[in-house]
Amino acid sequence: MIQDQRGTIGSDGAAEIVAPSVDDTIPPGWFGRILARIPRLAALQQVGWVTGSYAFSQVTRLATNVVLAKLLAPQLFGIMLIINTLRTGLELLSDIGISHNIISNPRGDEPTFFNTAFTLQVIRGFALGALALVFAGPVVRIYDRPELSVLVPLMSILFILSGLQAPSRFLMVKHGEVKAYALSDIFLGIGSFALNVGLALYTPTIWALFIGLILTSTLQTVVTHVLMPRGVLKFQLDRACIGQITSFGKWVFLSSLIYFLAMNYDRLYFAKAVPFAVLGIYGVARTFSDAAAQLVQRIGDMIIYPKIAATQQDGPALRQFLAPARGRMLMLIAIGLSIVVAGSDRIIILLYDQRYHAAAFMLPVLLASIWFSILATLGDSVLMGTRRPAHTARANFAKFVFTCAGLPLALHYDGMVAALFVIASADIVRYALQTMSQRAQGVSFIRQDAVLTLAIMAMIVVWRILFTAVGLVPSLSVWWAYGAGLHG
């Protein structure tokens, strides 16, 4: 059992608050039951703020995408998909785990430590800016798009802005200040919507999307410095802190690199293998499908991972600590996700014009596949929280190999539809390898996951039958016809 200032935490993770023995007039059972709910309520409030702010961000993001889709041509989104993927790739290629180090290291909130981390981040930002200039020529030759000869060098601005961001939001996560983090996210979502839509109305070209990205990054950098206490942030390099950051960061770098390749190989490959209009439609479907997985990723990064790192538990004790809350959270996710999967094609038809209707075929397949991505994301939180990033890297590598081997074959022999199902299967491979690592450590949840997977499959079927019966969604034959242009 673990003792903390709130009471005693048992092996099952529940808080056991003992009423003061000096006050015999208060019924201990009644008073204990009331107080015992407080830690759980606090955890629910944290999840609520993360979920609420994320939902707001997704609504504003959806509104932005819908408005931009009406104002801009699909091929422009295909070009920006390349820009965003290259940007993410270069950032992950040099990731030394600044956020993970600040959150998990006991010294993370010491000025010497986070100032050293900030200084390393700034150096990294300028180095990435220089790399963007070097990569401009090869990228243009690979994708044969004249616009990229200008846009890729200008990506340097994005890397510099990202490097200059203060570590304030990492410190918020470390200290459990979820509400403040969520409110800053809501503000950034509103600002991003206003900037992007305003630019698209002013100039319906690729520059609306690219300048919007630069202005949004500028706003993020400014906000991180506003949230940082005055007088504590400065450029500093401490040798001991550098050693601690790089020691843990080398595994974070490897894991991040493989994660990027595993998660983005489809985008990079499609950018070369399919028309840009199809790539833009695929990007619309991926925007929706990634939303649920990113929500669980945020909950894992902001709540589960910091708590696991702070408890210092491992093995069966950690499993017993996590299992009840994990099961409840996944059941709620399964209910919501099953409803969305069953009716997601209707969302595309309602929000987008006929040019994008092929995404109505893609979206249910991609959404159904993220169930295993969600399970794997929670596994990432466990492995990173117990400081085992190498196991996460191995699981991501397995997914990458599967995608590399399967995607070209599927696209060559049976077209985009087969390729889509390869993408949908890749996270099963990732989850399987991750589960093996967790089982070896005594922290696996195989039985719980099997029951929940069968439950979500049954719920998707039931919801689809009900939605079809009331005319909310079309029949399966009509849904399949949405993807007719993708066959062959």
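**What the labels rest on**

Analyst: Let's start with serine 184, which touches Arg169, Val223 and Leu227, leaving aside residues up to four places away in sequence; a contact means heavy atoms within 4.5 Å. Serine 184 sits in helix H7 (residues 178–202). Keep in mind that this is a predicted model, where local features need pLDDT of at least 70, side-chain atom pairs count only at pLDDT 80 or more, and totals for chains, interfaces and linings use all residues. Residues are numbered from 1 along each chain as its sequence is written, and side-chain values use heavy atoms, with hydrogens and water left out.

User: Why does serine 184 count as buried?

Analyst: Buried means under 20% relative accessible area, exposed means over 50%, and partly exposed is in between (1.4 Å probe, protein chains only). Serine 184 has 6% relative accessibility, so it counts as buried. Across the protein, buried residues make up 50% of the 488 residues.

User: And why does isoleucine 211 count as partly exposed?

Analyst: Its relative accessibility is 33%, so isoleucine 211 falls in the in-between class. Helix H8 (residues 206–226) gives the patch its largest share, three residues.

User: What makes something a helix here, and how many helices and strands are there?

Analyst: Helices (H or I, at least four residues) and strands (E, at least two) are DSSP runs, numbered from the N terminus. The protein has 15 helices and three strands.

User: How do you know that the span of helix H4 agrees with its number of residues?

Analyst: The expected span is 1.5 Å times one less than the number of residues. Helix H4 (residues 111–143) has 33 residues and should span 48 Å; its end C-alpha atoms are 45 Å apart, so the two agree.

User: Where does H4 bend?

Analyst: At phenylalanine 135, by about 40°, with proline 138 following within four residues. The bend is the angle between axes fitted to the seven residues ending there and the seven starting there. Just after H4, aspartate 144 takes a positive phi of about 55°.

User: What makes arginine 107 and glutamate 110 a salt bridge?

Analyst: A salt bridge needs a side-chain nitrogen of Lys or Arg within 4 Å of a carboxyl oxygen of Asp or Glu. For arginine 107 and glutamate 110 the N to O distance is 3.0 Å, so the pair qualifies. Arginine 107 is partly exposed at 24%, and glutamate 110 is partly exposed too, at 32%. The whole structure holds seven salt bridges, and Lys399, Asp427 and Arg430 are linked in a network of them.

User: Which parts of the chain does the salt bridge between arginine 464 and aspartate 345 tie together?

Analyst: The closest N and O atoms of arginine 464 and aspartate 345 are 3.0 Å apart. Arginine 464 lies in helix H14 (residues 446–469) and aspartate 345 in helix H11 (residues 315–351), so the pair ties together parts that are 119 residues apart in sequence.

User: Are those two buried or exposed?

Analyst: Arginine 464 has 12% relative accessibility, so it counts as buried. Aspartate 345 has 0%, so it counts as buried as well.
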